[in-house]
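Q: I would like to learn how to read features in a model like this one. Can we go through it together, one feature at a time?

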Amino acid sequence: MTRYVNGFFFTPVALGRVAAMRFLAGLFVWIEWWAYKPFIIQHRFLPEDLYQPLFIGRLLPIPAPNYWIVTGTLVVMLAAALPVMFGYRPRLFGWILFIAYFEWMLIYNSYGKVDHASFGFMALLLVLCMMPAARWGDREHVSERVGWGFNLVQIAVVCTYFLSTWSKFRYGGFDWANSGVFTWAIIRRGTVFSEWLLDFPQLLTAAQWGMIAFELLTPLVLFVYPWKRLQYSIIAFFYVFHVGIFAALTISFLPHLFAMACFLPLERIDPKDLVRRARARRQGREADPQPRDRDEPDPELTAAG
């Protein structure tokens with residue numbers, strides 16, 4: 001048992017995955033402010049009376065957001081994301097990015113609505129601050145410390161699902177699963193892919209129970225780590241599940257999906273190698289002679305008489 005637990009927490013992971021996850025983390029930060037949650041920047045115009053900080057915001061001496069705090073946080077966050085993406089001083093700029101994104105999430109979640117989709121992503125940013133320098137495609141150098149860090153992110157990803165059910169039971173009890181929450185969600189933000197379900201309320205109730213079962217079973221993805229193909233299949237199902245949720249309700253867990261990529265063997269990706277191969281194929285096609293039509297006579301045979 002001890003060997004199994006140690007194998008999970010300290011499985012060596014190639015450093016190439018660190019470089020890939022740093023790039024994805026910085027990329028998402030730029031996507032979030034521009035496309036995913038562009039409204040956060042509008043908080044700079046809100047009066048301070050509407051600010052209701054989370055517990056951590058009340059615990060730490062963090063001032064209420066104003067125009068300059070919100071704008072400055074965004075500028076620092078975006079500026080730090082670029083060097084993190086490309087591996088320049090990743091620890092220094094990683095800490096700057098984590099602190100700025102922490103404040104960005106505090107601003108976002110302190111006005112009455114608290115999201116849990118960014119929990120795994122914040123864990124990822126924190127872990128990346130403490131990981132060594134890495135380069136894309138590096139599968140030769142492996143580290144137990146990297147494996148430990150990514151396993152913590154994986155646990156945070158799973159807790160996002162599992163604790164969601166605990167929250168449902170805490171505030172709604174078992175009545176949540178028998179309520180009309182999916183009906184309300186489809187009426188509010190349904191699409192052509194889900195509106196037809198309004199004619200089948202019993203199916204929606206079954207889907208709510210299915211949602212609870214799915215969230216309670218998600219920890220299984222951690223216990224099957226020795227069987228990588230099975231684990232990757234489960235992660236693929238998670239991605240397909242979120243694609244379905246987005247198609248049905250336009251609800252996107254984009255930061256969660258970026259964090260979940262730490263399960264995948266991204267160290268196998270080397271952009272420079274991909275570019276070299278693409279150039280080699282293109283040069284090979286340019287060097288090859290044009291194919292001759294079958295009906296066209298061979299010039300050598302014609303010259304030979």
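**Reading the model**

A: Start with Arg-89, which is found in the loop between helix 4 (67–85) and helix 5 (90–108). Helices here are DSSP runs of H or I with at least four residues, strands are E runs of at least two, and both are numbered from the N terminus. This is a predicted model, in which local features need pLDDT of at least 70 and side-chain atom pairs count only at pLDDT 80 or more, while totals for chains, interfaces and linings use all residues. Residues are numbered from 1 along each chain as its sequence is written, and side-chain values use heavy atoms, with hydrogens and water left out.

Q: What is the phi of Arg-89?

A: Phi is near 45° in Arg-89, a positive value in a residue other than glycine. Thr-250 is another case: its phi is positive, about 55°, although it is not a glycine. Thr-250 lies in the loop between helix 12 (228–249) and helix 13 (254–260).

Q: How does Arg-89 count by relative accessibility: buried, partly exposed or exposed?

A: Buried means under 20% relative accessible area, exposed means over 50%, and partly exposed is in between (1.4 Å probe, protein chains only). Arg-89 has 49% relative accessibility, so it counts as partly exposed. Thr-250, at 35%, counts as partly exposed too.

Q: At what angle do helix 9 and helix 10 pack?

A: Axes are lines fitted to C-alpha atoms, for helices over the stretch in contact, and angles run from 0 to 180 degrees between N-to-C directions. Under 35 degrees counts as roughly parallel, over 145 as roughly antiparallel, 65 to 115 as roughly perpendicular, and the rest as oblique. Helix 9 (residues 181–189) and helix 10 (residues 201–217) pack at about 105°, with axes 8 Å apart. Helix 9 and helix 10 are therefore roughly perpendicular.

Q: Which residues make that contact?

A: Contact means heavy atoms within 4.5 Å. Helix 9 brings Val-181, Phe-182, Thr-183 and Ile-186, and helix 10 brings Leu-204, Ala-207, Gln-208 and Met-211. For classes, Ala, Val, Leu, Ile, Met, Phe, Trp, Tyr, Cys and Pro count as nonpolar, Asp, Glu, Lys and Arg as charged, and the others, Gly among them, as polar. The contact of helix 9 with helix 10 has six nonpolar, two polar and no charged residues.

Q: How do helix 6 and helix 7 cross?

A: The axes of helix 6 (residues 119–129) and helix 7 cross at roughly 170° and come within 8 Å. That makes helix 6 roughly antiparallel to helix 7. From helix 6 the contact takes Phe-119, Gly-120, Ala-123, Leu-124, Val-127 and Leu-128; from helix 7 it takes Gly-149, Phe-150, Val-153, Ala-156, Cys-159 and Thr-160. By class, the contact of helix 6 with helix 7 divides into nine nonpolar, three polar and no charged residues.

Q: Where is Ser-164, and what does its side chain join?

A: Ser-164 is in helix 7 (residues 144–172). At 13% relative accessibility, Ser-164 counts as buried. A polar contact is a pair of N or O atoms within 3.5 Å; within protein, one must be able to donate a hydrogen and the other to accept it, and residues adjacent in sequence count only if both atoms are side-chain atoms. The side chains of Ser-164 and Lys-168 form such a contact at 2.7 Å. Leaving aside neighbours within four places in sequence, Ser-164 is in contact with His-116, Cys-159 and Glu-215.

Q: Is Glu-215 buried or exposed?

A: Glu-215 is in helix 10. At 6% relative accessibility, Glu-215 counts as buried. Beyond four places in sequence, Glu-215 is in contact with Tyr-161, Phe-162, Ser-164, Thr-165 and Lys-168.

Q: What does Ser-143 reach with its side chain?

A: Ser-143 is found in strand 2 (residues 142–143). The side chain of Ser-143 reaches the backbone nitrogen of Val-146 at 3.3 Å. At 16% relative accessibility, Ser-143 counts as buried.
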